[in-house]
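Here is a friendly walk through a model and its ligands. Please have the viewer open as you read.

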Amino acid sequence: MLLSLENIELYYDHVYALKGVSLNLAEGETVALIGANGAGKSSILRAITGLRKPRAGMITYRGDRIDGKSPAEIVKMGIAMVPEGRRVFPLMSVKDNLLMGAFTRSDKAGIARSLDAVLTRFPRLKERYGQQAGTLSGGEQQMMVIGRALMAAPKLLLLDEPSLGIAPKLVQDIARAIVAISRDEGVSVLLVEQNSRMALSISARAYALSTGTVALSGASKDLMHDPRIKAAYLGGDI
Ligand SMILES: Nc1ncnc2c1ncn2[C@@H]1O[C@H](COP(=O)(O)OP(=O)(O)OP(=O)(O)O)[C@@H](O)[C@H]1O
Ligand SMILES: [Mg+2]
């Protein structure tokens with residue numbers, strides 16, 4: 001397994017957010033993590049990226065234990081996250097936002113190649129290369145933060161609700177970009193989404209989270225037709 005979480009418990013002060021979550025992701029796989037507001041999806045990503053230390057459990061990445069490592073060490077190991085809410089540096093140019101993603105790298109030629117690949121993947125960013133990031137549309141900002149994460153040359157990309165607040169047409173573009181990144185660059189993807197339909201349609205497997213525990217998991221194509229998933233997660237979508 002590329003990544004595995006075993007019985008992760010995570011608390012904010014005395015209140016639990018994750019109550020023993022186990023999940024895994026194989027090399028090359030795209031796995032979706034779906035669930036309602038407050039279910040604990042972002043907390044899982046915070047635990048993986050070292051932003052929050054689990055109280056119990058174990059996280060391994062390519063066989064190495066990573067819970068307890070710093071966020072910078074974890075980025076260097078090949079895990080990059082696109083946080084929820086986009087978090088652009090609004091006064092900086094698109095170019096400088098993208099370059100921020102390479103902060104742990106020192107291989108100039110490699111960074112230049114990554115930048116080239118990102119601009120080829122997202123031509124809109126090329127058109128707006130010198131523009132202040134705060135003036136991009138929501139969808140363009142989302143492309144830019146995905147591009148920024150790719151600038152770290154990750155093996156594993158964690159995406160936290162990339163479709164949130166984005167026009168349906170652009171949601172499709174972003175979904176296509178995620179598929180292409182995984183296919184062309186061999187990047188494994190853990191995709192957190194409230195847009196369960198989109199997430200299930202582009203992932204191989206999925207976990208449905210409910211109040212800090214995994215309620216259901218399995219092949220995405222099966223979950224798409226599972227009456228429990230339909231009732232709980234697909235009702236209001238699209
Ligand atoms: N910094 C914090 N301090 C206290 N409680 C927090 C903090 N961050 C999250 N929580 C709580 O932990 C639980 C899980 O939150 P989390 O952000 O992981 O949910 P989520 O599934 O990502 O939700 P959403 O879809 O709304 O982003 C929630 O009950 C939330 O209120
Ligand atoms: Mg969240």
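The sections below cover the conventions, the ligands, the strands and a few individual residues.

## How to read the values

This is a predicted model, in which local features need pLDDT of at least 70 and side-chain atom pairs count only at pLDDT 80 or more, while totals for chains, interfaces and linings use all residues. Residues are numbered from 1 along each chain as its sequence is written, chains are lettered from A and ligands numbered from 1 in the order in which they are written, and side-chain values use heavy atoms, with hydrogens and water left out.

Helices (DSSP runs of H or I, at least four residues) and strands (runs of E, at least two) are numbered from the N terminus. Buried stands for under 20% relative accessible area, exposed for over 50%, and partly exposed for what lies in between, using a 1.4 Å probe and protein chains only.

## The magnesium ion

Which residues coordinate the magnesium ion, ligand 2? They are Ser42, through OG, and Glu84, through OE, at 2.0 to 2.6 Å. Donors here are N, O and S atoms within 2.8 Å of the metal (3.2 Å for Na, K and Ca), and sites may look incomplete because water is not among the atoms.

This pair brings together distant parts of the chain, 42 residues apart. Serine 42 belongs to helix α1 (residues 41-48), and glutamate 84 to the loop between β6 (79-82) and α3 (94-100). Serine 42 counts as buried because its relative accessibility is 11%; glutamate 84, at 27%, is partly exposed.

## Around ligand 1

Ligand 1 is surrounded by 15 residues, and the closest are Asn37, Gly38, Lys41, Ser42 and Ser43. A residue is near a molecule when one of its heavy atoms lies within 4 Å of it. Helix α1 supplies the largest share of this shell, with four residues. By type, the shell holds four nonpolar, six polar and five charged residues. In this scheme Ala, Val, Leu, Ile, Met, Phe, Trp, Tyr, Cys and Pro count as nonpolar, Asp, Glu, Lys and Arg as charged, and the others, Gly among them, as polar.

For serine 43, a polar side-chain atom is 2.5 Å from an oxygen atom of the ligand. Glycine 38 instead places a backbone N or O atom 2.8 Å from an oxygen atom of ligand 1. The protein covers 62% of the 640 Å² of accessible area that ligand 1 has on its own, as computed by the Shrake-Rupley method with a 1.4 Å probe.

## Strands and their partners

Strands pair if DSSP finds at least two bridges between them. Strand β1 (residues 3-12) runs antiparallel to β2 and is joined to β2 by eight bridges; leucine 3 has leucine 25 in β2 as its bridge partner.

Strand β3 (residues 30-35) is mostly covered, with six of its six residues buried. Thr30, Ala32 and Ile34 point one way, while Val31, Leu33 and Gly35 point the other way. β3 pairs in the parallel sense with β8 (residues 188-193) over five bridges, and leucine 33 stands opposite valine 192. Parallel pairing over five bridges also links β3 with β9 (residues 205-210), where glycine 35 faces leucine 209.

## Individual residues worth a look

Aspartate 184 sits in helix α7 and is partly exposed, with a relative accessible area of 46%. Its side chain makes polar contacts with the side chains of arginine 121, at 3.4 Å, and arginine 183, at 3.0 Å. A polar contact is a pair of N or O atoms within 3.5 Å; within protein, one must be able to donate a hydrogen and the other to accept it, and residues adjacent in sequence count only if both atoms are side-chain atoms.

Arginine 62, although not a glycine, has a positive phi of about 45°. Arginine 62 lies in the loop between β4 (56-61) and β5. Alanine 153 also has a positive phi, near 50°, and is placed in the loop between α6 (138-150) and β7 (156-160).
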